[in-house]
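Please keep the viewer open beside this text and follow the stops in the order given, making each selection before reading what is there.

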Amino acid sequence: MATISAALSISFLPPPTRRAASTTFSPRIIKRAARFWCCAEPPSPEQETPAPPSPPPSSLWGVSTSAWTAGVAGLGLLETGYLSYLKLTGSEAFCPVGGGGCGDVLDSDYSVVFGIPLPLVGMLAYGLVAALSLQENSEELLPGLDDLDIRLTLLLLATSLATASAYFLFILNTKFVGTSCVYCLSSAFISFTLFFIRIKVFLQDIGLARIQKFVGLQLAVAVIVALSLTNSYSSATTQLKGTDDFVLEPYKIEITAESTPFAISLAKHLHSIGAKMYGAFWCSHCNDQKQMFGREAMEVLDYVECFPNGAGKGKKMANECAATGLEGFPTWIINGKLLSGDKELSVLAEESGFVSEVPEQS
């Protein structure tokens, strides 16, 4: 009865009093709350969803591209290290193909970039590529760099090396005509190989859609490298090959032949159209060409001496001559066309479009 009366009395209490009583005499509610909060704890490791497996690293013929990159860059490091030693010590380069061509290139103005030996720059670049490729796809990445950062850096470095190699191949074929440089060709092969390997990595691991976002950045890097090299070599000249052991001071040969009216008219015409004759004071064929024109005509003709300060050790070809890519002397440039060797006056008249009423006299 006491229990029933107590329950009835609670049911008729005002709301605040009833709430307090319920709070006092309902320990099971507290237990339920405790059980609720226990259920809110994080699930056990067995209940967590496993992370998706990372894609396998790209490979080439069963070998990872990282290993390929490190190996090829290692070859470049060895080559440029050897060339750096030769450049810094002044030693003679061993050239298995092409005789002394390797030494001609290594000792020229084109072997230095902004005062820094070019092989040393290449050695640092190849060393950086090798170090980064060893970090690629490894758990111990460089601080602050993730896997994508390293791959992008390697791609840009490979682009820079390939651009520089293409530029130097152009220099080799225009400024060192007839010179074979096995080190130049092998360095270009290494650079292009690295470039194609890194392109394959981006295509396989990142995809064509994402790599298109970096094409503009690659082009910008290539343009910067090309412009930097052009600026560095703006005043570079090519030393005359085979003149390392003597110095030939400039001298002037007197032109004894008198000019014919045809030669004078032709010289005036060549002058009017901007045609030029490039020669060297020591060149016998150049002197023969001058004698064909005679004294009076040569005073009108535009002649460029390519070695005004002499030839031989330490002497450089004039910038204007080096820029034209001459293959020999004399060389004519008529209406943008390059003509090598001494030419008969009738041939020069035909090439320049000269028509004269005065017949050519022998």
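## Starting from a buried ring

Begin by selecting Phe293, which is buried, with a relative accessible area of 0%. The model on the screen is a predicted one, and Phe293 belongs to helix H12 (residues 284-293). With both rings displayed, how far apart are the centres of Phe293 and Trp332, and at what angle do their planes lie? The centres are 5.9 Å apart and the planes stand at 40°, so the pair is tilted, since an angle over 60 degrees would be needed for edge-to-face and one under 30 for stacked.

## Further aromatic rings

The count of aromatic pairs comes to twelve. To see one of them, select Phe195 and Phe196, whose rings are edge-to-face, at 5.7 Å centre to centre and with 65° between the planes. Phe196 is exposed, with a relative accessible area of 56%. Next select Tyr110, Tyr167, Phe168 and Tyr233 together, because here ring pairs link these residues into a cluster.

## Two salt bridges

A search of the whole structure finds two salt bridges. For one of them, select Lys276 and Glu320, where the closest N and O atoms are 2.9 Å apart. Lys276 lies in strand S6 (residues 276-279) and Glu320 in helix H14 (residues 319-323), so that this pair, too, links distant parts of the chain, 44 residues apart. Lys276 is partly exposed, with a relative accessible area of 29%, and Glu320 is also partly exposed, at 35%.

Then move to Glu351 and Lys337, whose side chains meet in a salt bridge at 3.3 Å, N to O. Glu351 lies in helix H15 (residues 345-352) and Lys337 in strand S10 (residues 337-340), so the pair ties together parts that are 14 residues apart in sequence. Glu351 counts as partly exposed at 30% relative accessibility, and Lys337 is partly exposed, with a relative accessible area of 44%.

## A serine within a helix

For the last stop, select Ser133 in helix H6 (residues 118-135). Is Ser133 buried or exposed? Ser133 is buried, with a relative accessible area of 2%. A polar atom of its side chain lies 2.8 Å from the backbone oxygen of Ala130.

Technical notes
Residues numbered from 1 in each chain as written. Predicted model: local features only at pLDDT ≥ 70, side-chain atom pairs only at ≥ 80, totals over all residues. Heavy atoms only, no water. Helix = DSSP H or I, 4+ residues; strand = E, 2+ residues; numbered from the N terminus. Buried < 20%, exposed > 50% of the residue type's maximum accessible area, 1.4 Å probe, protein only. Polar contact = N/O pair within 3.5 Å; in protein donor to acceptor, adjacent residues only side chain to side chain. Phe/Tyr/Trp six-rings, centres within 6.5 Å; stacked < 30°, edge-to-face > 60°. Salt bridge = Lys/Arg side-chain N within 4 Å of Asp/Glu carboxyl O.
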